[in-house]
Amino acid sequence: MGMPRMGLIAALIAFGAAAHAAPPLAQRIGRADPGGMRVATGVHGGAGSMRFGPLLGAHALSTNLLFVHRGTIAPGSGIGQHFHNDCEEMFVILDGEAEFTIDGRTSRLAGPVGVPDRMGHAHGIYNPTDRPLQWLNINVGMTKSYDNFDLGDPRTGATLDPVPQFITMRLDRSLLNPAAANLPDAAGGVLYRRALGPTVFSTPWSYVDHILLPAGATLERRAQADMSEVYYVISGTGEVALDEETAPVGAGDAVPVDLGEARAIRQTGSQPLELMVIGVARDLAAKARYRAETEARLPPRR
């Protein structure tokens with residue numbers, strides 16, 4: 001039998017928060033393990049069942065990343081509408097179509113797409129199709145504590161808005177542009193887009209970037225004293241260097257880069273390396289400085 005409702009999520013967060021010395025890089029990288037995922041039913045009062053497990057937990061970064069979860073949402077299943085008042089989440093589907101809800105408004109969106117839920121708002125997701133959805137969940141808090149308030153609303157049969165009445169994020173390669181102006185550490189024809197910026201989030205969560213490294217491309221060595229990052233590999237293969245360690249990465253892997261750690265990434269293999277990057281600042285003051293510095297580099301508005 002699957003673990004009911006919220007017991008599994010609470011258990012995964014508690015596991016992720018366990019303090020321990022930083023392991024070698026190869027062990028820090030979260031790697032998708034379909035066989036190791038557990039079944040959950042009635043998640044936040046949602047319909048049906050899903051399988052998921054942690055890629056990264058609260059221990060992965062010293063900043064207030066709580067978790068990155070990876071899983072599948074079965075047909076006719078989902079996560080019921082619920083609030084977070086001290087943290088914010090983003091559901092991402094990597095394929096198929098899902099019905100996303102924010103504050104009681106629902107739209108059907110085709111993946112790969114993500115919908116952020118700001119702190120103090122309600123969200124949910126439902127799979128109305130006949131195929132499982134490949135799903136990610138990212139959560140960042142004001143602290144390392146997770147909170148939720150469930151509404152008991154599975155969002156089945158919801159009225160759909162043709163135009164979403166909430167913020168969405170598309171991971172569409174056709175929207176990418178040459179990275180030179182925005183990523184000075186990029187080399188070899190890297191393509192880039194900032195999918196979500198600092199103003200979207202209320203916590204120290206600062207951005208979501210979409211990056212594509214074609215054959216032979218690299219992100220050169222870079223360290224940020226006040227910004228941590230997670231690099232999720234959407235597709236392709238590569239090699240990550242973190243300080244003095246290196247490790248291979250492939251589709252489904254999540255690489256945590258903590259404050260002050262120097263990272264470098266290069267593409268390997270026959271296909272481009274496609275990345276989704278989550279930026280989490282040290283605190284709100286560091287986020288404000290980052291935003292000011294970023295906006296200062298923008299051309300003046302006419």
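Start with the aromatic rings: a search of the whole structure finds 5 aromatic pairs, where rings of Phe, Tyr and Trp (its six-membered ring) pair if their centres lie within 6.5 Å, and planes under 30 degrees apart count as stacked, over 60 as edge-to-face and the rest as tilted. Select F67 and Y146: their ring centres are 6.0 Å apart and the planes meet at 45°, so this pair is tilted. F67 belongs to strand β5 and Y146 to the loop between β12 and β13 (149-153), so the pair ties together parts that are 79 residues apart in sequence. Helices (H or I, at least four residues) and strands (E, at least two) are DSSP runs, numbered from the N terminus. Both F67 and Y146 are buried, that is, under 20% relative accessible area, with exposed meaning over 50% and partly exposed in between (1.4 Å probe, protein chains only).

Before moving on, a word on what you are viewing. This is a predicted model, in which local features need pLDDT of at least 70 and side-chain atom pairs count only at pLDDT 80 or more, while totals for chains, interfaces and linings use all residues. Residues are numbered from 1 along each chain as its sequence is written, and side-chain values use heavy atoms, with hydrogens and water left out.

Next, select F201 and W205, two buried residues. Their ring centres lie 4.3 Å apart with planes at 5°, so the pair is stacked. Then pick F52, F91 and W135, which ring pairs link into a cluster.

Now colour strand β12 (residues 133-141), where 8 of the 9 residues are buried. To trace the contacts, find I73 bridged to L133 and E88 bridged to V140.

Finish with the backbone. H44, in the loop between β3 (38-41) and β4 (49-56), has a positive phi of about 50° although it is not a glycine. Is H44 buried or exposed? At 2% relative accessibility, H44 counts as buried. D103 also has a positive phi of about 50°, but at 40% relative accessibility D103 is partly exposed. Last, go to G111 and P112, joined by a cis peptide bond with omega about 0°.

Notes. Pairing = 2+ DSSP bridges.
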